[in-house]
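Have the structure open as you read.

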Amino acid sequence: MATGKDRQKQLAREHYERQQQRRLEREQRNKRMAIIGSTVGVVVVVGGIVASVALLGGGDEPTEAAAEPSAQASTSAPAVAQPKPYDEKTGTCGYVADTGGGQVKDVGMPPEKVDLKPAKKTMTMKTGLGDIVVELDNAKAPCTVNSLQFLAEKDYYDGSKCHRLGNEQFPMLQCGDPTAKADGKSQTDGSGGPGYVLVEENTKDAKYKRGVMAMAKTQAPGSTGSQFFLVYGDIQLDPLYTPVGTITKGLDILDKVNKAGVLAGTADGTGAPKETVEIKDVTIAGKS
């Protein structure tokens, strides 16, 4: 017959297991991901793992900890600095350290001071399959373009591989994780970043159609980092991801990569591309 002490031990053990489970879930949510969705669901790319989940809303479900009386429940968590949008008065953007975990290639923080001119800049990605050229919208996404230019000048993307190819419903190629192996085996692909985050920009009425380059992010606002996705079809996505530019050259490369398919694909058909897309060098230029 179980004693009161045994019952207390059991409750304590169950509470500990719940805490560990919630901790694991938080870590998984904080990993770099891109959400590529439709009207009935989304595909969440977390590291190298893809899971289909129902599109139920933007918020997290309340955890058991919120309902349980606890000595820690009344303790306020320390405030985490949030990135700030472009400030017209000061001409600055607010970049902050990424506290979400994941793998980091640290090349420093972009300068806060940005310039809206020229309104358009040209991003050239030299890959093993040819050049992919994107016209960046510096006027509408200055913080993002400033970050991309900073990373390009630091050779951040050099040698990186695009790690995830979508399917017919989600026609996109995701790149920008400098730690990704893109071998169809790595479970950490998609978790890499520069160690800082920035706000999402230019999202009002955003459409993710063929030729768009947009920034990947986690489910949390203000979690844009270095990863981006190149759209070679039309994707039905909520306007949550910064559309930073338009592909002017290289869509034929994306079509070729798409045709080749994926390596070890998941149940939804996405995975590391068979046709390796390695970014050799990135340059960004513009004329006033």
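Which residue in S9 does Thr 127 stand opposite? Thr 127 faces Gly 130. Before going further, a word on the ground rules: this is a predicted model, in which local features need pLDDT of at least 70 and side-chain atom pairs count only at pLDDT 80 or more, while totals for chains, interfaces and linings use all residues. Residues are numbered from 1 along each chain as its sequence is written, and side-chain values use heavy atoms, with hydrogens and water left out.

**The overall picture**

The protein holds four helices and 18 strands; these are DSSP runs numbered from the N terminus, with helices being H or I of at least four residues and strands E of at least two. Of its 288 residues, 45% are buried, where buried means under 20% relative accessible area, exposed over 50%, and partly exposed in between, using a 1.4 Å probe and protein chains only. The accessible surface comes to about 15,200 Å², and carbon and sulfur atoms account for 51% of that; the areas come from the Shrake-Rupley method with a 1.4 Å probe, and for residues only the protein chains shown count as cover. Taking contacts between residues at least 6 apart in sequence, 67% join residues at least 24 apart; a contact means heavy atoms within 4.5 Å.

**The sheet**

Nine strands make an open sheet with antiparallel pairing, in the order S10-S18-S8-S9-S17-S15-S16-S12-S11. Its edge strands, S10 (160–161) and S11 (164–165), each pair on one side only. Here two strands pair if DSSP finds at least two bridges between them. As a reminder, strands of a sheet pair through backbone hydrogen bonds, either parallel or antiparallel.

Thr 127 and Gly 130 belong to a hairpin formed by S8 and S9, with two residues between the strands. S8 (residues 120–127) and S9 (residues 130–137) are joined by eight bridges in the antiparallel sense. S9 also pairs with S17 (residues 243–249), again antiparallel, over four bridges, and there Val 134 has Ile 247 as its bridge partner. Elsewhere in the sheet, S12 (residues 172–175) and S16 (residues 228–231) run antiparallel and share four bridges; Leu 173 is partnered with Leu 230 in S16.

Helix H4 (residues 251–260) packs on this sheet, touching S9, S11, S12, S16 and S17, and its direction makes about 120 degrees with that of S9. Such angles run from 0 to 180 degrees between N-to-C directions, with axes fitted as lines to C-alpha atoms, for helices over the stretch in contact.

**Helix H3**

H3 lies across S8, S9, S15 (212–215), S17 and S18 (278–285), running at about 120 degrees to S18. The helix has twelve residues and reaches 16 Å from its first C-alpha to its last, close to the 16 Å expected, a span defined as 1.5 Å times one less than the number of residues. H3 is mostly covered, with eleven of its twelve residues buried, including Pro 142, Val 145, Leu 148 and Phe 150. Just after the helix, Asp 155 takes a positive phi of about 60 degrees.

Beyond its neighbours within four places in sequence, Gln 149 is in contact with Lys 121 and Ile 284. Its C-alpha atom is separated by 8.5 Å from that of Ala 285, which is 136 residues away along the chain.

**The disulfides**

How many disulfides does the rule give? The count comes to two, taking a disulfide as a pair of cysteine sulfur atoms within 2.5 Å. They follow the pattern 1-2, 3-4, with bonded cysteines counted along the chain.

| Disulfide | S to S distance |
|---|---|
| Cys 93 – Cys 143 | 2.0 Å |
| Cys 162 – Cys 175 | 2.1 Å |

Cys 93 lies in strand S5 (residues 92–94) and Cys 143 in helix H3, so this pair ties together parts 50 residues apart in sequence. The torsion about the S-S bond of Cys 93 and Cys 143 is about -90 degrees, so the disulfide is left-handed. Cys 93 is buried at 2%, and Cys 143 is buried at 0% relative accessibility.

For Cys 162 and Cys 175, the S-S torsion is about 95 degrees, so the disulfide is right-handed. Cys 162 sits in the loop between S10 and S11 and Cys 175 in strand S12, so this pair links parts 13 residues apart in sequence. Cys 162 is buried at 2% relative accessibility, and Cys 175 is buried at 1%.
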